[in-house]
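These notebook entries record what I looked up in one structure. I began with the terms I would need and then went through the parts in turn.

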Amino acid sequence: LAVQPFKLHGSHNSKVAPIHHIKLYGKPSGAGTDVSLNNTDFPGTGVAIMYDEKTCASSPITVTGLPTNDSYVFAVAAFDANGELVGHLGKMCSPIEALNPLPLPL
């Protein structure tokens, strides 16, 4: 599963540290609570991805190891150069279902 985060808001506020990198957090949907900074069970979650303040862009984040036919929720957090959280964990997305690709005739 590849995730491309949207432009992050608030990093241009002079009272907020510049965003240095972002991390994606995720978990199975319906597993009780919202996504938290502890939800790093799947490869690709909790990994620092560089964030460009000038273009407000990052590389896509790839999450692997998701069992198929289950739904997952994700949220992004921004961090400064010291690894400190900038603001708070972003809004959780709607559930995304991981499905096997359909076979294509050759």
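Entry 1. The model I am reading is predicted.

Entry 2. I looked up the overall make-up. The protein holds 0 helices and 8 strands, and its pattern along the sequence is β-β-β-β-β-β-β-β. Of its 106 residues, 35% are buried. I noted an accessible surface of about 6,900 Å², with 57% of that area on carbon and sulfur atoms. Among contacts with a separation of 6 or more, 61% join residues 24 or more positions apart.

Entry 3. I checked the confidence. The mean pLDDT is 86, and 88% of the residues reach 70 or more. S2 has the highest mean, 95, whereas S1 has the lowest, 78.

Entry 4. I turned to S3 and the strands beside it. S2 and S3 are antiparallel and share 2 bridges; Ile-22 has Ile-49 of S3 as its bridge partner. S3 and S4 make a hairpin with 4 residues between them, and Cys-56 in the turn has a positive phi of about 55 degrees. Which residues of S3 lie on its covered face, and which on its uncovered one? Ile-49 and Tyr-51 are on the covered face, while Met-50 and Asp-52 are on the uncovered face.

Entry 5. I followed S6 next. How many bridges join S2 to S6? The count is 8, and the two strands run antiparallel. Leu-24 has Val-76 as its partner in S6. S6 also pairs with strand S8 (residues 96-98), antiparallel and over 3 bridges, where Tyr-72 stands opposite Ile-96. With strand S7 (residues 85-86), S6 has 2 bridges, again antiparallel; there Ala-78 is the partner of Val-86. The hairpin of S6 and S7 has 5 residues between the strands, and Gly-83 in this hairpin takes a positive phi near 80 degrees. S6 is mostly covered, with 8 of its 10 residues buried.

Entry 6. In soluble globular proteins, nonpolar side chains tend to be buried together. The largest core here has 17 residues, and those with the most contacts inside it include Ile-22, Leu-24, Val-63 and Phe-74. S2, S3 and strand S6 (70-79) each give two or more residues to this core. S6 supplies the largest share, 4 residues. A second, separate core has 7 residues, among them Val-35, Ala-75, Phe-79 and Leu-89.

Entry 7. I examined Thr-45, in the loop between strand S2 (21-28) and strand S3 (49-52). Is Thr-45 buried or exposed? Its relative accessibility is 7%, so Thr-45 counts as buried. A polar atom of its side chain lies 3.5 Å from the backbone oxygen of Thr-40. Beyond four places in sequence, Thr-45 touches residues including Leu-24, Tyr-25, Asn-39 and Val-63. From its own side, Val-63 touches Thr-45 as well as, among others, Leu-1, Phe-42 and Phe-74.

Entry 8. I compared this with Asn-39, which also sits in the loop between S2 and S3. Asn-39 counts as buried because its relative accessibility is 15%. A polar atom of the Asn-39 side chain is 2.6 Å from the backbone nitrogen of Ser-36. Leaving aside neighbours within four places in sequence, Asn-39 contacts Tyr-25, Gly-26, Lys-27, Asp-34 and Thr-45.

Entry 9. Pro-18 is in the loop between strand S1 (2-3) and S2; at 54% relative accessibility, Pro-18 counts as exposed. Asn-69 lies in the loop between strand S5 (61-62) and S6. Asn-69 is not a glycine, yet it has a positive phi of about 65 degrees.

Conventions. Residues are numbered from 1 along each chain as its sequence is written. Side-chain values use heavy atoms; hydrogens and water are left out. Buried means under 20% relative accessible area, exposed over 50%, partly exposed in between (1.4 Å probe, protein chains only). A polar contact is a pair of N or O atoms within 3.5 Å; within protein, one must be able to donate a hydrogen and the other to accept it, and residues adjacent in sequence count only if both atoms are side-chain atoms. Contact means heavy atoms within 4.5 Å. Accessible areas come from the Shrake-Rupley method with a 1.4 Å probe; for residues, only the protein chains shown count as cover. Two strands pair if DSSP finds at least two bridges between them. A nonpolar core is a set of buried Ala, Val, Leu, Ile, Met, Phe, Trp, Tyr and Cys residues joined through side-chain atoms within 4.5 Å. pLDDT is the predictor's confidence in each residue, from 0 to 100.
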